[in-house]
There are 2 protein chains.
Amino acid sequence: MDAPRPIRADAARNSERILRAAREVYAEAGGEASLEEIARRADVGIATLYRHYPSKDALALAALRQLVDEHISPVMRQALEDNDPRRGLASVMEAVVCTLAREGCFIAATRIESSAVPVLAASMLDPLGLLGLRAQQAGLLRADLVPADLFRVVVMLLSLLVTMNFDSNGWRRYIALLLDGLSPVGASLLPPPVPLQCLPVS
Amino acid sequence: MDAPRPIRADAARNSERILRAAREVYAEAGGEASLEEIARRADVGIATLYRHYPSKDALALAALRQLVDEHISPVMRQALEDNDPRRGLASVMEAVVCTLAREGCFIAATRIESSAVPVLAASMLDPLGLLGLRAQQAGLLRADLVPADLFRVVVMLLSLLVTMNFDSNGWRRYIALLLDGLSPVGASLLPPPVPLQCLPVS
């Protein structure tokens, strides 16, 4: 195979710079952030920005994917290597909530809260299912859980960010509470799971 | 005291009709719903609508308050009279999620997901705290919970609606799972609670 052509590498670099600038500018300026300012910060022309991301929503969702790749995917890979699968599961929950809390202003400014769910599902559902299976095999997780349950636990944790100071570590309390609910000790009979059906990404 | 003047009664009736029309029109037309159509459906002039609700957000939040008064407050009053406080708590959770699932299109269309949280907190926090206290006194709820925890459980349940078909009863599984987490059986030590701090209602 040929080496990647420089023009491709340039495009990838531009794209990465634009996303990083978008996260910064949204965090600072809130919902009023302009695409012009983002292009300026990324040191690209506005036409280049539009060529990569034709709408504000497309830009925000791509920036979210960058966030996941940088801060959540590595923790999921580590968790899969952890000897204690329950600790691995907790570390993934913590990483998602920490990351999205830190970037809370970006998320709130772009109003992509609901569209964020399918993006997260795409990258998290399989690793969470695998982690859950291991924890079940070790008897550390109730046997009646399916992968969608673990993903929904993440969604529930994220929903708490609007109820607390972004800088507090208040969500840790709810990770512990949810892990108690996920434990085999004192587990009651659950109604059946329904398929994960995320709202379409706009 | 004087009897209410007819003009006041008229204004209250108009206001109620406008809110009901708003819920209908948003549910049918989605985010593109126009204030003109809402005024037409409520059989009031557009000037009257603006006098009552100067912005789309103000209208949506008032419609949400109407929803709470009609469908959630009565269940909370009943739950407080239930001999089994844990069942009372479960019925409140169910009522909130059911109501907001049924009106999911209205909520999604108005994009007030985050602003909905303070509105719900205003009417739910105290009754939930009282229900929780009774359940704790009966030994049915872990002793380390504070009222904000119970309200956050409601917020978590609502966050699941975007992950499932609105018409499914899929959230019942998570009410059961969360109640297991809230049970004194197998309760682990929790990190301390942080104050409930809702984003300001716009």
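**Note on the predicted two-chain model**

1. Pro191(A) touches Arg172(B), Arg173(B) and Ala176(B), leaving out residues up to four places away in sequence; contact here means heavy atoms within 4.5 Å. Pro191(A) sits in the segment after H9 of chain A. Helices are DSSP runs (H or I, at least four residues), as strands are (E, at least two), numbered from the N terminus. At 27% relative accessibility, Pro191(A) counts as partly exposed; the classes are buried under 20% relative accessible area, exposed over 50%, and partly exposed in between (1.4 Å probe, protein chains only).

2. Residues are numbered from 1 along each chain as its sequence is written, chains are lettered from A and ligands numbered from 1 in the order in which they are written, and side-chain values use heavy atoms, with hydrogens and water left out.

3. The interface brings 44 residues of chain B into contact with 44 residues of chain A. The area buried between the two chains is about 3800 Å², and carbon and sulfur atoms give 61% of that area. Buried area is the accessible area (1.4 Å probe) that two parts lose on being put together, summed over both.

4. Polar pairing across the interface comes to 18 residue pairs in polar contact between chain B and chain A, both residues at pLDDT 80 or more. A polar contact is a pair of N or O atoms within 3.5 Å; within protein, one must be able to donate a hydrogen and the other to accept it, and residues adjacent in sequence count only if both atoms are side-chain atoms. On chain B, helix H7 (113–137), helix H8 (147–159) and helix H9 (172–182) each supply at least two residues of the side that touches chain A. H9(B) gives the most to that side, with nine residues. By class, the side of chain B that touches chain A has 25 nonpolar, 10 polar and nine charged residues. For this count Ala, Val, Leu, Ile, Met, Phe, Trp, Tyr, Cys and Pro are nonpolar, Asp, Glu, Lys and Arg are charged, and the others, Gly among them, are polar.

5. Which residues does Asp180(B) touch? Leaving out residues up to four places away in sequence, the contacts of Asp180(B) are Arg142(A), Gly181(A), Gly186(A), Ala187(A) and Ser188(A). Asp180(B) belongs to helix H9 of chain B and is buried, with a relative accessible area of 7%. A polar atom of the Asp180(B) side chain lies 2.8 Å from the backbone nitrogen of Ser188(A).

6. Four salt bridges are found across the interface of chain B and chain A, the rule being a side-chain nitrogen of Lys or Arg within 4 Å of a carboxyl oxygen of Asp or Glu. One salt bridge joins the side chains of Asp180(A) and Arg142(B) (2.7 Å, N to O).

7. Over all chains, the search finds 26 salt bridges. Arg23(A) and Glu70(A) form a salt bridge through their side chains (3.4 Å, N to O). Arg23(A) lies in helix H1 (residues 6–29) of chain A and Glu70(A) in helix H4 (residues 56–81) of chain A, so the pair ties together parts that are 47 residues apart in sequence. Arg23(A) is buried at 9% relative accessibility, whereas Glu70(A) is partly exposed at 30%.

8. Arg142(A) and Asp144(A) also meet in a salt bridge (3.0 Å, N to O). Arg142(A) is buried, with a relative accessible area of 2%; Asp144(A) counts as partly exposed at 32%.

9. How is helix H9 (residues 172–182) of chain A placed, covered or open? Helix H9 of chain A is mostly covered, with 10 of its 11 residues buried. Among them are Tyr174(A), Leu178(A) and Asp180(A). The buried residues of H9(A) pack against helix H5 (85–102) and helix H8 (147–159) of chain A, together with H8 and H9 of chain B.

10. The largest nonpolar core has 134 residues, and those with the most contacts inside it are Ile38(A), Met124(A), Leu182(A), Ile38(B), Met124(B) and Leu182(B). Such a core is a set of buried Ala, Val, Leu, Ile, Met, Phe, Trp, Tyr and Cys residues joined through side-chain atoms within 4.5 Å.

How values were computed: This is a predicted model: local features need pLDDT of at least 70, side-chain atom pairs count only at pLDDT 80 or more; totals for chains, interfaces and linings use all residues.
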